[in-house]
Amino acid sequence: MSRYRLHPTPAQEAVLRDHCGHARYVWNLAVEQHSHWRPGRRNAPGYLEQCRQLTQARAEFPWLAAGSQTVQQQALRDFARAMAAFFDPANPAGRPSWRKAGRDEGFRITGRRGRQWDVRRVSRHVGEVRVPKAGWVRFRWSRAVPAGVRSYRVTMDRAGRWHVAFAAVPGPVPAPGTGEVVGIDRGVAVSAALSTGELLHCPALTGRERIRLRRMQRRLARAKRGSNRRGRVRHAIARLRARETDRRKDWAEKVSTDIARRFDVIRVENLKIGNMTRSSKGTAQTPGRNVRQKAGLNRGILGSGWGLLVRRLEDKAPGRVEKVRPALTSQRCSACGQVDRDSRESQAVFRCTACGFAGHADVNAAINIAAGHAVTARGGDGVTRPVNREPQLLLQSA
């Protein structure tokens, strides 16, 4: 999607907030209807039946009728598509869940351009999009609106910023045609290490910003729930978090575009990030161990943009991203192929105990990923027990 910063007036912002509230309310009603379904009961109402129910509700409740019927019906259509994706085995997705105020703020407008909605350019850096009940709302014209757009989505983040995103799938980045292969090792200290020797770091909050964030988090803990002071502190924290998210997204976009333009084949580790960042606090009966250390590691992984980088690579270079097994890629020597955990002297230093090859540990792992090696562990050091090595084919005797 092509996203732009939206600048509504105070009156228009009130209308947009009402649209967000109506869309969230209709969505949650649809979720509640489907949550009562059990095997053996009648099927939950579909999109057409829900639209008829929406018409009856608008006739009964004036506050709902004051909103845009287009926005409310589109929320039902989005819910129907989400349920279809949930039951699609070829494209598994999560079950549609409840939407929360302050977190899920947005709505979608579809239809023919020029009738249900429209967009125009006012000046060099200013454009306008027509929103039902709100009229022409200005946005920053940072680039041309793609042709063939049939819908757009208006959202508000936790920092209170409004954005408009036009639904248009950009074309893939063309391959250079050089046949070059690159491996990417993702880490916390080094966000992405390339097999070419490049070390890429995902930007985060500065030292002053982290100090300010901790100070505001303490202030938030002391504030009374529901007070205006607590609301102001939460908004300030959200603005800092949004700044960090913007930097991470900008870094991922630039790095993924650069890699897709330079290499024909891109190989990454097949990591289960959701499992790796799962909480280890356990339960009251079986509490976890090293919970605070694990929580810090989870924050580091999520802050490095592992999943975002690979997802954008797959979008920009479809069919050119390959995932390899991550087993022992950081313990394998890229020069001689021996696998020994003692070769990993520290987080950044790799020194092979067999051939003496030395280099950056993340770059060594990235070279193994680029080679596509799938290593099987045997648990040996090569002296007192067998050395870990790749499976070898047995020679058949004549």
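Me: Which residues are linked with Glu253 in a network of salt bridges?
Reply: A salt bridge here is a side-chain nitrogen of Lys or Arg within 4 Å of a carboxyl oxygen of Asp or Glu. By that rule, the network joins Glu253 to Arg312, Asp315 and Lys316.

Me: What kind of model is this, and how are residues numbered?
Reply: This is a predicted model, in which local features need pLDDT of at least 70 and side-chain atom pairs count only at pLDDT 80 or more, while totals for chains, interfaces and linings use all residues. Side-chain values use heavy atoms, with hydrogens and water left out, and residues are numbered along each chain as its sequence is written, from 1.

Me: How many residues apart in sequence are the parts tied together by Lys316 and Glu253?
Reply: The side chains of Lys316 and Glu253 meet in a salt bridge at 2.9 Å, N to O. Lys316 lies in helix α9 (residues 306-316) and Glu253 in helix α6, so the pair ties together parts of the chain whose separation in sequence is 63 residues. Helices are DSSP runs of H or I with at least four residues, strands are runs of E with at least two, and both are numbered from the N terminus.

Me: Is Lys316 buried or exposed?
Reply: Buried means under 20% relative accessible area, exposed means over 50%, and partly exposed lies in between (1.4 Å probe, protein chains only). Lys316 has 9% relative accessibility, so Lys316 counts as buried.

Me: Which strands does the salt bridge between Arg267 and Glu322 tie together?
Reply: These two side chains meet at 2.8 Å, N to O. Arg267 counts as buried at 19% relative accessibility, whereas Glu322 counts as partly exposed at 34%. Arg267 and Glu322 are 55 residues apart in sequence, and the strands that hold them are β11 (residues 265-269) and β12 (residues 321-324).

Me: What is the N to O distance in the salt bridge of Glu128 and Arg120?
Reply: Glu128 counts as buried at 9% relative accessibility, and Arg120 counts as partly exposed at 41%. Their side chains meet in a salt bridge with an N to O distance of 2.7 Å.

Me: How many salt bridges does a search of the whole structure find?
Reply: The pair of Glu128 and Arg120 is a salt bridge, as is the pair of Arg267 and Glu322. A search of the whole structure gives 24.

Me: Which residues form a nonpolar patch on the surface with Trp63?
Reply: Patch residues have over 30% relative accessible area and no salt bridge; like charges are joined within 9 Å, and nonpolar side chains (Val, Leu, Ile, Met, Phe, Trp, Tyr) within 5 Å. Trp63, in helix α3 (residues 62-65), is partly exposed at 42%. The patch has about 370 Å² of accessible area together, by the Shrake-Rupley method with a 1.4 Å probe and only the protein chains shown as cover for residues.

Me: What separation do the C-alpha atoms of Leu205 and Arg243 have?
Reply: Leu205 sits in the loop between β10 (199-200) and α5, and is buried with a relative accessible area of 6%. Leu205 and Arg243 are 38 residues apart along the chain, and their C-alpha atoms are separated by 8.0 Å.
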